[in-house]
Amino acid sequence: MQLSIGKPFMLTALAMLCGGLVLGLWASIYYIAPEYAGRFPGFEALRPMHVSSIMFWILLGATGSVYCALQQLVGGWMSKPAAQAQWALWAIAIGGIFFSYLNRSFGGREYWEFSPAWALPIALAWLLFLVNFARAARRIQRWPVYVWMWMTGIVFFLFAFAENYLWLLPYFREHFVTDTAIQWKVNGSLVGSWNQLIYGTSFYLMERINKNAGIGRSRLAFAMYFLGLFNLMFNWGHHIYTVPTPEYLRYTGYLVSMTEWVFFLRILYNWKSSVSQAQKYYHYFPYRFLMAADLWVFLNLGQAILMSIPALNLYTHGTHVTVAHAMGTTIGINSMILFAACFEFLGGGQRAFLAGNRLLNATYRTAQLALLVFWLSLNAAGVQKGMWQMAPDPAPFRVMMDGLKPWFWAFAGAGAVLATALLVLAGGALQAAWRAAPGAAAAEEALGNRAARESQRV
Amino acid sequence: MKPLHFFLLLSLAFLTFSFSIYLQPAIEAPAGSTDTALAAQGRLVWQKYNCQSCHQLYGLGGYLGPDLTNVYSAPGKGEAYIRAFLKAGVAPMPVFDLPEEEAAQLAAFLKAADASGSASPRDFIILPTGMTKRK
C-alpha cells in the first residue's frame, strides 16, 4: 500500500531530527567551553532552535505515523489536499520560527519562544489533522485503543495549545502565580498529548508485529489508556511544588503521579513474550526500537515516580535531573518509538537489507549505550546541584557550575556519540525509504505472513 | 460503562479542574501575588529577550544561569545589581543594553516574582507523608 499522505511528514520529521541533533551539539559547547561557542546565534537562540527542532521531529513524526497507520487501516478515505495543506502550513510555521530565532525575535513562553503569530499556522495545521482523522476514524468499527489514543492526542493538543496562549490576556499575565501554574499545566498536557499519539502508534505497531488484533481491544489496554488520559489531565503538579499555588493543586499532582504507567509496563511485558522469532525478523528494526523504548520507559518511569515525591523533588527540581528526565523520555521513549515507525512505514520493503546491515545494527547498540552515559551524567550533575541548593551556606552559582564541569564533559561527549548514532540511524531510515520500490512492500508483506504461518506450524 | 462515557466523564472533570485554576485570581488575591500592569509588561520583556533560555523562576527555565525569583531581595543584590548585569554582561551572558523603559518593566517583573514567595528549597520542611510545606 502506498502511504503517500504520511510519508512527507515523516521525512520532514527526520530532517528536523538531524537539524536538532546538530544544534544540540553546538549548544552543549556553552556548557563546557563557552569561549569557543561564539556570539552568533548565541545560546538564547540556539536553545530554542534545538528544542523546537526536536519538538517538531516528535509532532511531525507522530502525525506521519498516525497517517500511515490510518491509511493501512482504512485505505484512501482521507483528503490528500487537506494533508498537503497541513504540511504546507507546518512548512510556513517552521520557516517563520527559525527565521525569527536567527534574528533573535522572540516573544513566547519557554519551549515556544517564537512570536504567537507563528502559532496560527500550527493550530490551523492541527485542525486539518483533526478533520482528516475524523474522516478516517468514521470508517473504523468499535475503535481499538490506539484510535482512542490518537483521537485524544489530537483533541487535547488543540486544547492545550490554545491554553498555551492565555498569557496574551492581561487577566492571566498580571497574576504571576496563576500564570506560572497554567504554563506548567499546559506543558504537561502538551507532552501528554503527543505521548498519546506516539504510544498509540506503539500499540498499533505491536498489534501489527504480533498479528493479534485482541491487544488493542483488551480491557487491560483500555484501563491503561484511561490511566494515561488521567495523567495527561492531572499529572503536572510536580513541576510546581515550590510555586505558592493552592494546596489542592500540589496534592493532586502528588497523588496522580503515583498512579503512573503500571498497566503500560504490564502490557509491554505480555506483548514481548508472545512475539515469534519470525515476526521479530520480519519487523527487524521496529521490534528492536520498541524493545529499546520498553527499557527506557522502565528507567524514566522509575525516575519520574521518585521525582514526583515532593520530599525528593526539593532536591531534583531546577536541576539537571529534570533535564535527564526530559532527554531520557524524548530520546529514549518518543524517538525510539518514532524510529520504529519510520523503519516500519518508510522502510517497509527493505527488511532483508536492514536486518543484514552491520553498520545500522552496531549503531543501534551504540545509541543505547551512549544514551545511558548521557542520561547518567546529567543525573549525576543534577544530584550535585541538588545538594548545593539544599546546603545551608551554598557556594556562589558560578563556583557550583564549575564543579559540574566533569559531568558536562561526559554529557557532551556521550551526546556527540549519541547524536552521530542517531544521524546514522536517520540516514538508514532514509536509505530504506529511498530503496523501497513500489510493490516491494506488498511482496514483503506476503513473505512475512508466510513466515508467520510457518513458525506457527513449527 | 462504555469508553465514550469514561472519556466524557474525565473530560468534564478536567474542564472543571482547569476553570478552578483560571478563576484563582478572581477567587483569592493574597498580598503580593497580584502584579502591577508594569510587571505584566515586564513579563513580555522577559520573553522578548528570552531570559528563560538561561534563567529560572521557581526552578523553571534554563540551566546556564542562576534562578532569579528572589534576586530582587537577595542580600547585596536588587534592582541596581540587575541593571548592572544587563549593561555589562558576564562570561556566558551577552550585554543586553535595554532601553530605560524596558529595564524598568523587567525590574518590576522581577520585583513581583520576588514578592510572590521564596523559591529556595531550603525554605521548605518535609512532612511525614512525603509532601513539603513552606516554613
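These legends walk through several close-up views of a predicted model.

Figure 1. Of the 458 residues in chain A, 61% count as buried. Now look at which parts of the chain touch each other. Take the contacts in chain A between residues at least 6 apart in sequence, and 82% of them join residues at least 24 apart.

**Figure 2. Chain A is divided into three domains.** According to the domain assignment, domain 1 covers 1–133, domain 2 covers 139–244 and domain 3 covers 259–458 of chain A. How far apart are the centres of domain 1 and domain 2 of chain A? Taken over C-alpha atoms, the separation is 19 Å. Each of these two domains of chain A brings 28 residues to the contact.

**Figure 3. Domain 1 and domain 2 of chain A bury area against each other.** The size of an interface is often given as the accessible area lost when the parts come together. For domain 1 and domain 2 of chain A, the buried area is about 2,700 Å², and carbon and sulfur atoms give 79% of that. Zoom in on the domain 1 side and find Arg109(A), Trp112(A) and Trp126(A): these lose the most area to domain 2 of chain A, together 26% of what the domain 1 side buries.

Figure 4. The rule finds one salt bridge across the interface of domain 1 and domain 2 of chain A. In chain A, Asp179(A) and Arg109(A) form a salt bridge, with their closest N and O atoms 2.8 Å apart. Three residue pairs are in polar contact between domain 1 and domain 2 of chain A. On the domain 1 side, the elements giving two or more residues are α2 (43–74) and α4 (119–137) of chain A. Helix α2(A) gives the most to that side, with eleven residues. Sort the residues on the domain 1 side by class and you get 22 nonpolar, four polar and two charged.

**Figure 5. Chain A meets chain B.** Here 77 residues of chain A are in contact with 65 residues of chain B. The area buried between chain A and chain B is about 6,100 Å², with 67% coming from carbon and sulfur atoms.

**Figure 6. Asp179(A) turns up again where chain A meets chain B.** Which side chains meet in a salt bridge at 3.1 Å, N to O? They belong to Arg43(B) and Asp179(A). The rule finds one salt bridge across the interface of chain A and chain B. Polar contacts between the two chains come to 18 residue pairs. On the chain A side, helix α7 (residues 176–210) gives the most, with ten residues. By class, that side has 46 nonpolar, 17 polar and 14 charged residues.

Figure 7. You'll find Ala355(A) in helix α15 (residues 351–355) of chain A. Is Ala355(A) buried or exposed? Ala355(A) counts as buried because its relative accessible area is 15%, and buried means under 20%. For a sense of distance, compare Ala355(A) with Asn334(A): the two are 21 residues apart in sequence and 22 Å apart in space, C-alpha to C-alpha.

Note on methods. Residues are numbered from 1 along each chain as its sequence is written. Chains are lettered from A and ligands numbered from 1 in the order in which they are written. This is a predicted model: local features need pLDDT of at least 70, side-chain atom pairs count only at pLDDT 80 or more; totals for chains, interfaces and linings use all residues. Side-chain values use heavy atoms; hydrogens and water are left out. Domain bounds come from an automatic or database domain assignment. Contact means heavy atoms within 4.5 Å. Buried area is the accessible area (1.4 Å probe) that two parts lose on being put together, summed over both. A salt bridge is a side-chain nitrogen of Lys or Arg within 4 Å of a carboxyl oxygen of Asp or Glu. A polar contact is a pair of N or O atoms within 3.5 Å; within protein, one must be able to donate a hydrogen and the other to accept it, and residues adjacent in sequence count only if both atoms are side-chain atoms. Helices (H or I, at least four residues) and strands (E, at least two) are DSSP runs, numbered from the N terminus. Ala, Val, Leu, Ile, Met, Phe, Trp, Tyr, Cys and Pro count as nonpolar, Asp, Glu, Lys and Arg as charged, and the others, Gly among them, as polar. Buried means under 20% relative accessible area, exposed over 50%, partly exposed in between (1.4 Å probe, protein chains only).
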